[in-house]
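These are my notebook entries on what I looked up in the structure shown here.

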2 protein chains.
Amino acid sequence: MSRATTALLDADLNMAESVIAADEQIDALRRELDDLSIDLLARQQPVATDLRMVVTAMRMSADLERMGDLARHVAKVARLRYPNSAIPPMMRSTVLEMGQVAERIVAKAGSVIAGKDIDSALTLERDDDEMDRLHRDIFNMLIDGKWTAGTEAAVDATLVSRYYERFADHAVSVARRVVYLVTGEWQTGHEPDDDDEL
Amino acid sequence: MSRATTALLDADLNMAESVIAADEQIDALRRELDDLSIDLLARQQPVATDLRMVVTAMRMSADLERMGDLARHVAKVARLRYPNSAIPPMMRSTVLEMGQVAERIVAKAGSVIAGKDIDSALTLERDDDEMDRLHRDIFNMLIDGKWTAGTEAAVDATLVSRYYERFADHAVSVARRVVYLVTGEWQTGHEPDDDDEL
């Protein structure tokens, strides 16, 4: 997603193509992880914590695969508008920030997965709030009556903003699944699925 | 989704509220189905076809739950713009058709689940093509330079159109999983995830 953001803001076609191509690797890894999970269920017949771990892995693989799709979608918007940038100047800094928050969220979700670091999962929820705020900022820019970049750019910005927001939701969902696995308690305070009021 | 379409086109606030409230029932059913699946895995330790069936049920429950979210999103757009309709007159017939295609797709996916009716799954792919065509029609209306309904309406239309398109994708995904369960072969010709080029 970090590279997709660069592709989008700099109208970098090579970068966009590389993001689009890389999504296939994520899809392949997801299939591999799912096959491995089903194989484990069949051969080892895990129970209790082991069973929960395998089921969690399958659900996380679905979230991670979807995050790859969303980065690819951002890259496709960049490619579609090349050699122009899909993002008008007034919106650049907000989208840049969305990219940075996405990068931070992914890094934290990765460290939660690797080390089962629950504290990191808690700060991740705050990053997700930040992403929601940026998402609302984009919508406010679109509808405050001062939008002069045209309808096509508004359509692009609407979709791109939603892709970032969904990306963050899936990363938070991944981290929550790990927390649930470790503690047996589901974090509250956030809806697990998106619930944006535009 | 059918009721959400009515709420959207008729600016029917009660209908919108009922769709939003009903999504909670879908979420509860999803949790129930997932708990049942994990319980089955733990107690019965299924292998081969039985194992594939339980894993398929868990994946389908995720798709169906998401379809509920998407209908709720459409209803929320209706509620947000009440007492106006979020959909400008020039776009009504296309959105109406999207609602009808969504209804047809859900009915077919239901009959595929109930009867493992593979022929119905094949025609479902065509319905999904129809939905993709309507989705492109909406985008073309937005960007052909003749859009006069303003940026806010463009944002609504962009999101609503995407909600319908994703809803159809998830329904097709549900049907494919059943076909895969029955035949052991994954249907090709469609990407399982969305791949809209705007």
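**Entry 1. Charge and surface**

I began with the charged side chains of chain A, which number 23 positive and 37 negative. The centres of these two sets are 1 Å apart. I record here that the model is predicted. I then looked up the accessible surface of chain A, which amounts to about 8800 Å². Carbon and sulfur atoms contribute 52% of that surface.

**Entry 2. Overall fold of chain A**

In sequence order the pattern is α-α-α-α-α-α. The radius of gyration of chain A is 18 Å, close to the 16 Å given by the globule rule for 198 residues, so chain A is as compact as a globular protein of that length. Along the principal axes, the C-alpha atoms of chain A occupy a box of roughly 60 × 35 × 25 Å.

I next noted that 51% of the 198 residues in chain A are buried. Of the contacts in chain A with a separation of 6 or more, 76% are between residues 24 or more positions apart.

**Entry 3. Helix 1 of chain A**

Just after helix 1, A11(A) has a positive phi of about 50°.

**Entry 4. Helix 2 of chain A**

Helix 2 of chain A covers residues 13-44, which is 32 residues. From its first C-alpha to its last, helix 2 reaches 47 Å, close to the 46 Å expected at 1.5 Å a residue.

I listed the buried residues of helix 2 of chain A: A16(A), V19(A), I20(A), D23(A), D27(A), D34(A), S37(A) and L41(A). I noted that D23(A), D27(A) and D34(A) are among them. As a reminder on spacing, an α-helix has 3.6 residues a turn, so residues three or four places apart point the same way.

Which elements cover the buried residues of helix 2 of chain A? Within chain A, the cover includes helix 1 (2-10) and helix 3 (48-81). From chain B, the cover includes helix 2 (13-44) and helix 3 (48-81).

**Entry 5. M60(A)**

I selected M60(A), a residue in helix 3 of chain A. Is M60(A) buried or exposed? The relative accessible area of M60(A) is 11%, and the cut-off for buried is under 20%, so M60(A) is buried. Neighbours within four places in sequence aside, M60(A) contacts I113(A), V174(A), R177(A) and V178(A). I also looked up L33(A), which is 27 residues from M60(A) along the chain. The C-alpha atoms of M60(A) and L33(A) are separated by 9.8 Å.

**Entry 6. V155(B)**

I turned to V155(B), located in helix 6 (residues 151-183) of chain B. V155(B) has 2% relative accessibility and therefore counts as buried. Which residues is V155(B) in contact with, leaving aside its neighbours within four places in sequence? The contacts are F139(A), L142(A) and T158(A). I also checked H73(B), which is 82 residues from V155(B) in sequence. The distance between V155(B) and H73(B) is 13 Å, C-alpha to C-alpha.

**Entry 7. Backbone features**

I looked up the peptide bond between Y82(A) and P83(A), which is cis with an omega of about 10°. P83(A) is in the loop between helix 3 and helix 4 of chain A. In chain B, a cis peptide bond joins Y82(B) and P83(B), with omega of about 10°. P83(B) is in the loop between helix 3 and helix 4 (89-115) of chain B.

I then recorded positive phi values in chain B. A11(B) is not a glycine, yet its phi is positive at about 50°. A11(B) lies in the loop between helix 1 (2-10) and helix 2 of chain B. With 14% relative accessibility, A11(B) counts as buried.

A48(B), also a residue other than glycine, has a positive phi near 45°. A48(B) is in helix 3 of chain B. Is A48(B) buried or exposed? A48(B) has 56% relative accessibility, and the cut-off for exposed is over 50%, so A48(B) counts as exposed.

Conventions:
Residues numbered from 1 in each chain as written. Chains lettered and ligands numbered in written order. Predicted model: local features only at pLDDT ≥ 70, side-chain atom pairs only at ≥ 80, totals over all residues. Heavy atoms only, no water. Helix = DSSP H or I, 4+ residues; strand = E, 2+ residues; numbered from the N terminus. Rg over C-alpha atoms; globule rule 2.2 N^0.38 Å. Buried < 20%, exposed > 50% of the residue type's maximum accessible area, 1.4 Å probe, protein only. Contact = heavy atoms within 4.5 Å. Areas by Shrake-Rupley, 256 points an atom, 1.4 Å probe, with all protein chains shown as cover. Lys, Arg positive; Asp, Glu negative; His and termini not counted. Charge placed at Lys NZ, Arg CZ, Asp CG, Glu CD. Expected span 1.5 Å × (residues − 1).
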